[in-house]
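Hi,

Here is the structure I promised to pass on.

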Amino acid sequence: MTPARRLRNIVGGSAGNLVEWFDWYAYAAFTLYFAPLFFPAASDTAELLQAAAVFAVGFLMRPVGAWIMGVYADRKGRKAGLTLSVTLMCTGSLIIACTPTYATIGIFAPGLLLLARMLQGLSVGGEYGSSATYLSEMATARHRGFWSSFQYVTLISGQLLSLALLILLQNTLTEAQLSSWGWRVPFFVGAGLAVVVFWLRRRLDETSAFVAEDTQNALRSSALLLFVKHPKEALLVMGLTAGGTLAFYTYTTYLQKFLTNTAGFPKATATEISAAALFVFMLIQPAVGALSDRIGRKPVMIAFGVLGVLCTVPIMTTLATTTNPLTAFALSLAALVIVSGYTAINAVVKAELFPAHIRALGVALPYAIANAVFGGTAEYVALKFKLEGIESAYFWYVTAMIGVSLLVFVFMRDTKLRSEIVHE
């Protein structure tokens, strides 16, 4: 494959990933506005708590999506898995965009919202494994860390675009208009973009690693095969994901609410702080990925673990009391720079652990399980601690889970030196 064609496939796969995550994060970005319409309650925290519970249910569906579409991508191809995932995401976004509020249809409103998030959970569960595997297999060994980091570049880009749209709407609509109908706009936009991505993904090339394994009639991918033949690798994925995903969701999706609900910033200011920090975070992902190509994956992950254990409590404690937007931005960015030691390379590390015939499932399913338990519940646990008056306990919880992942980083092999990806 020529370098130009390889680059075209990487860009095409990444663009689809961006739209997938735009749709996924639009829910988190606009929760502050639609939560009262679907979950009327006595306090802002209670409304956010119920909306966060639906967000968490979407994560619980991710292991199911990872299982179904991981097997599908291993058997039918990475390209087929990517196409199916974006179809499910489009459907979920359309349901959210069109669902009437609690005042109109009562309990059916949160019920439909839940159904939509379940479909999106299935989609994202399959998207992660398929896209991580596709980008890792499409890249050359010399620059695999660099190119695979674009999975999180596009993931963060999707989140940034949802925040950018929120900022645009906050500056063009009144708060009453945004709370009444403006929050539906991103879900219509996401559904439309998903249709475009469906067409783009149909034009991608299949990876040589999949073609070679398919030609050789390798073992057929299944959850049983994964946990019987590769139990150590599956547990490694869960362990390295636990602390990383909890830290990631703490400083991305939850940060906006934390700055509003705890630090007391206005909604618009909190959104702008989050967006600015995420933009810089996005830009440094390829640099960290390239660093792992030079010094190895293991030292980069250990740096995240050590700094995360030492700095999480001081950063969160100071963020909770600051009233200066620049200070809040600096602290948020510092936390995200630390988390980059996980986000930039976790996809390639997982892909390098498994042989091609079970790689998409091996990347997706253990990750989705850990992500559902720790990442998907981050907002809910944080808000529950706050509701109980012990918010600082959440800071220590994040620290402890990063510590668990640090132990995994220390004792696992460096996948750059011993990679299962052999075809380029």
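Three elements each give at least two residues to the lining of the largest cavity: helix 1 (3-38), helix 8 (150-172) and helix 14 (253-261). Helices here are DSSP runs of H or I with at least four residues, numbered from the N terminus. A cavity is a set of points on a 1 Å grid, over the protein atoms alone, where a 1.4 Å probe fits but cannot get out, and lining residues have an atom within 4 Å of a point.

Before I go on: this is a predicted model, where local features need pLDDT of at least 70 and side-chain atom pairs count only at pLDDT 80 or more, while totals for chains, interfaces and linings use all residues. Residues are numbered from 1 along each chain as its sequence is written, and side-chain values use heavy atoms, with hydrogens and water left out.

Back to the cavities. There are 2 of 30 Å³ or more. The largest holds about 60 Å³ of space, a volume being the space filled by probe spheres set on grid points that are joined across faces, edges and corners. Its lining consists of Tyr25, Ala28, Ala29, Gln159, Ser162, Leu163, Thr252, Thr253, Gln256 and Ser274. That makes 4 nonpolar, 6 polar and no charged residues (Ala, Val, Leu, Ile, Met, Phe, Trp, Tyr, Cys and Pro count as nonpolar, Asp, Glu, Lys and Arg as charged, and the others, Gly among them, as polar).

The second largest cavity has about 50 Å³ of space. Its lining includes Ala247, Tyr251, Phe304, Cys311, Ala335, Val339 and Ile402. Helix 13 (231-251), helix 16 (297-321) and helix 17 (325-343) each give two or more residues to that lining, and helix 16 has the largest share, with 5. By class, the lining of the second largest cavity has 9 nonpolar, 2 polar and no charged residues.

How do helix 13 and helix 17 pack? They meet at an angle of about 145 degrees, with their axes 10 Å apart; axes are lines fitted to C-alpha atoms over the stretch in contact, and angles run from 0 to 180 degrees between N-to-C directions. Their crossing is left-handed, as the term applies if the near helix is turned anticlockwise from the far one by less than a right angle. Helix 13 brings Leu240, Thr241, Gly244, Thr245, Ala247, Phe248 and Tyr251 to the contact, and helix 17 brings Ala335, Leu336, Val339, Tyr342 and Thr343 (contact means heavy atoms within 4.5 Å). The contact has 8 nonpolar, 4 polar and no charged residues.

Ser136 sits in helix 6 (residues 108-138) and is buried, at 0% relative accessibility (buried means under 20% relative accessible area, with a 1.4 Å probe and protein chains only). Leaving out residues up to four places away in sequence, Ser136 touches Arg144, Ser148, Ala347, Val348, Ala351 and Ile421.

Thr207 is in the loop between helix 10 (185-201) and helix 11 (208-215), and is buried with a relative accessible area of 0%. With residues up to four places away in sequence not counted, Thr207 touches Arg78, Tyr134, Glu137 and Met138.

Thr101 belongs to the loop between helix 4 (78-98) and helix 5 (102-105). Thr101 is buried as well, at 16% relative accessible area. Again not counting residues up to four places away in sequence, Thr101 touches Leu37, Gly106, Ala109 and Arg184.

Cheers

Methods: Buried means under 20% relative accessible area, exposed over 50%, partly exposed in between (1.4 Å probe, protein chains only). On a 1 Å grid over the protein atoms alone, a cavity is a set of points where a 1.4 Å probe fits but cannot get out, and a pocket is an open set with protein on both sides within 12 Å along at least five of seven lines; lining residues have an atom within 4 Å of a point.
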